[in-house]
Structures are given as C-alpha cells and as structure tokens.
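Open the model in your viewer and keep the selection tool at hand. We will go from stop to stop, picking a few residues each time.

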Amino acid sequence: MRSLLTLALSTLFLSGCVTENSYNGSDKPVLENKINNDGAARTRIALALQYLSTGNNSQAKYNLERANEYAPNLPEVHYSLAYYYQQVGENGLADKAYQKALAIKPNDPNTLNNYGTFLCSINQYDRATDQFLKAIEIPSYIRVAQSYENLALCAIEFNDFTNAESYFQQALNHSSQRASTLISLAALYYAKSDLYKASNLIKRYDDTAQVSSRALLLGYLVKQRMGRIEEAEKIAATLLQTYPSSMQANAIRDNQLRQTEFEVLREKYRQAQLDELQEGSQSNQIIAEPKIKVIRKKSPVQASNSEASIEQTKTNTQDD
C-alpha cells in the first residue's frame, strides 16, 4: 500500500504581478510589469510536474532548474526537485534536495510530509514517522489528515498494524469523509477479519455518494467473507458494468482475487501474526542443557587390577 502515500506538491499556475504607477511630475499612468519570482518559479514547477507525469523527464528537469533560478530560496523548488530525483531513482540526490528545503525553512509542513513519504519509500520507518509527526504538529498545517494517512500506510509497510489503525482513526478525526482513509482503514479491518467494522466503514464511504472500483472490490470481498453471497454478486455485477476495464474488474472476471491489494494485505497481516507468535514462543521457551557426567563401567579385569593396586598401596603404607 506504499504506493498510496500522498505528496503535497504545487500544481498552481501563477502569473507575474502587474502594478500601475505614474512617473514623477506626470499624471500619465504607466503599466509596469513586475516579475514575481516566486510565482514564476511555481509556474515552472507546475509545468515540470506535468511533464514528469507524462514521462518527459528532460523537460521536467529543465523547468525545475529554471524554477531554481527564479527562486532558489523557495522550499517548493527543492522538494519538487527531490520528487523528480525520486522518480528517476536518484535517492541520494533526492535526500539532499529535501535537506536543502528544510535548511531554508525547517518548519515547512509540506516539505516535512513529502520527506516522510520519501523516507518511507527507502525503508526508513522511524525517520519517516518523525517527519510526518513534525508536519502534523505545525498549527497552520491544513493537510493533517493526509499526513496521518501517510503515517498509517507507512506503518502497514513495516507490519506496525496497531499504530496504523490509530493513525487512520486520527486522519478520520480531522476529515471524517476522507474517501481514501475510509477505504484504507476498511481494508485493514478486512485483513484482520474484523468484517463488521470493515462493512461499516464501506457504508460510510457509500454515504459520501462516491463510487470507485477499489471500494466496490473491497465491498465484494467483505460480503463474500460474511457469507452474504447474493449481496456480493450484486456488487460484482456493478463493478463489472461500471468499471469493465479496471484491474479490480479483471481480478473478478479472471478469478485472480488473491493478487488484489486487499488479499495481499490480508496475507501480510496473517504472516505477521504468525511471525509474532513464533517469536513469542521462542522467547518463552526455556532450553535446558544439563551437564551429564558419563561414568564408564569398568570391565571385570580392569576392576580386579584396580583393587589389587589399591591393596598393594595399603601394604606399602603399612610397611613404611
């Protein structure tokens, strides 16, 4: 589920500001174009992200470099560069770009959130958690629910299911109708076989009047596990009719449900529980290795010779 982590990237198109002034000693107004460097940089960032989404990496890099020329002290420039480096597999450069953005503005919540997402992607869970929590603690941050959801998704990657559930709940506390959180938490409950809670969350999602192939597939799986086959089949029919070319529809059509994200998560949770039980069993098991002294039984001849030797020793002692 790591691929579901969300970045806060600028997609704004901002034009330069225009101000109206007059020359000294003249009433004639003059339009003066004043270049807004930050606005120009954000426009370049937006273009770069569009190019990056279509696979035109060279144009994306060009526009990000131009953005850096316009506003080298704008955090968005550097965390957008970091995102570019992530996409092209340059994790070292991505890390440096994030560090540069934080050096400019240590408490920029978008940088912290995006850096946390990056750290999670390179298997640094503890550092990622620190960045997400720092972003959440900033009072002016408006994407708190997003960062909590990112925390939860990252926790799942590292089998920290207890904290994942708590983070999802916190996300819903801040945004009760957040669709992605409702489905992700329902998926976690499905993985834990808590089908009643999963079903309730799917109903909450349906009540928001949103429909998606992910939600329909999860609803289908939950109803199947609950033994409500007729309801499950109705959901499957809706999915096949509404999203016929989706991967979720293909999974049902080709009977490949075990390959879906929800069944993969269910198996991940099951395996984590087995591993935990096994580790607990090993730690509680006392392995005793008593030291056993082996006494070899002497043969009759050896015993006789030994007795004779002892008697001879006694005689010599008496003679002395």
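Select Asn-123. This residue sits in the loop between helix H5 (109–121) and helix H6 (125–137). Helices here are DSSP runs of H or I with at least four residues, strands are E runs of at least two, and both are numbered from the N terminus. Asn-123 is not a glycine, yet its phi is positive, about 65°.

A note before you move on: this is a predicted model, where local features need pLDDT of at least 70 and side-chain atom pairs count only at pLDDT 80 or more, while totals for chains, interfaces and linings use all residues. Residues are numbered from 1 along each chain as its sequence is written, and side-chain values use heavy atoms, with hydrogens and water left out.

**Whole chain**

Zoom out. How many helices and strands does the protein chain have? It has 15 helices and 2 strands. Of its 320 residues, 40% are buried. Buried means under 20% relative accessible area, exposed means over 50%, and partly exposed lies in between (1.4 Å probe, protein chains only). Now think about contacts, meaning heavy atoms within 4.5 Å. Among contacts between residues at least 6 apart in sequence, 55% join residues at least 24 apart.

**H1 and H2**

Select residues 37–53 for helix H1 and residues 57–70 for helix H2. Their axes come within 8 Å and cross at roughly 170°. That makes H1 roughly antiparallel to H2. Axes are lines fitted to C-alpha atoms, for helices over the stretch in contact, and angles run from 0 to 180 degrees between N-to-C directions. Angles under 35 degrees count as roughly parallel, over 145 as roughly antiparallel, 65 to 115 as roughly perpendicular, and the rest as oblique.

H1 passes H2 in a left-handed crossing. A crossing is left-handed if the near helix is turned anticlockwise from the far one by less than a right angle, and right-handed if clockwise. Now show side chains. From H1, the contact residues include Ala-40, Arg-44 and Leu-47. From H2, they include Ala-60, Asn-63 and Tyr-70. By class, the contact of H1 with H2 has 12 nonpolar, 4 polar and 2 charged residues. Ala, Val, Leu, Ile, Met, Phe, Trp, Tyr, Cys and Pro count as nonpolar, Asp, Glu, Lys and Arg as charged, and the others, Gly among them, as polar.

**H7**

Go to helix H7, residues 144–157. At 1.5 Å a residue, the 14 residues of H7 should span 20 Å, and the end C-alpha atoms are 20 Å apart, which agrees. The expected span is 1.5 Å times one less than the number of residues. Then click Asn-159, which follows H7 and has a positive phi, near 60°.

**H8 and H9**

Select helix H8 (residues 161–174) and helix H9 (residues 179–191). Their axes come within 10 Å and cross at roughly 150°. H8 and H9 are therefore roughly antiparallel to each other. The crossing of H8 past H9 is left-handed. Phe-161 and Phe-168 of H8 are among the contact residues, as are Leu-185 and Leu-188 of H9. The contact of H8 with H9 divides into 9 nonpolar, 3 polar and 1 charged residues.

Leu-265 belongs to helix H14. It is buried, at 3% relative accessibility.

**H10 and H11**

Next comes helix H10, residues 195–207. H10 and H11 pack at an angle of about 145°, with axes 10 Å apart. Their crossing is left-handed. Contact residues include Ser-199 of H10 and Lys-223 of H11.

Center on Lys-223. Helix H11 (residues 213–225) holds this residue. Buried or exposed? Lys-223 is buried, with a relative accessible area of 14%. Leaving aside neighbours within four places in sequence, Lys-223 contacts Ser-199, Arg-228, Glu-231, Ala-232 and Ile-235.

**Last stop**

Select Asn-255, in the loop between helix H13 (247–253) and helix H14 (261–284). Its phi is positive, near 55°. Asn-255 is exposed, with a relative accessible area of 62%.
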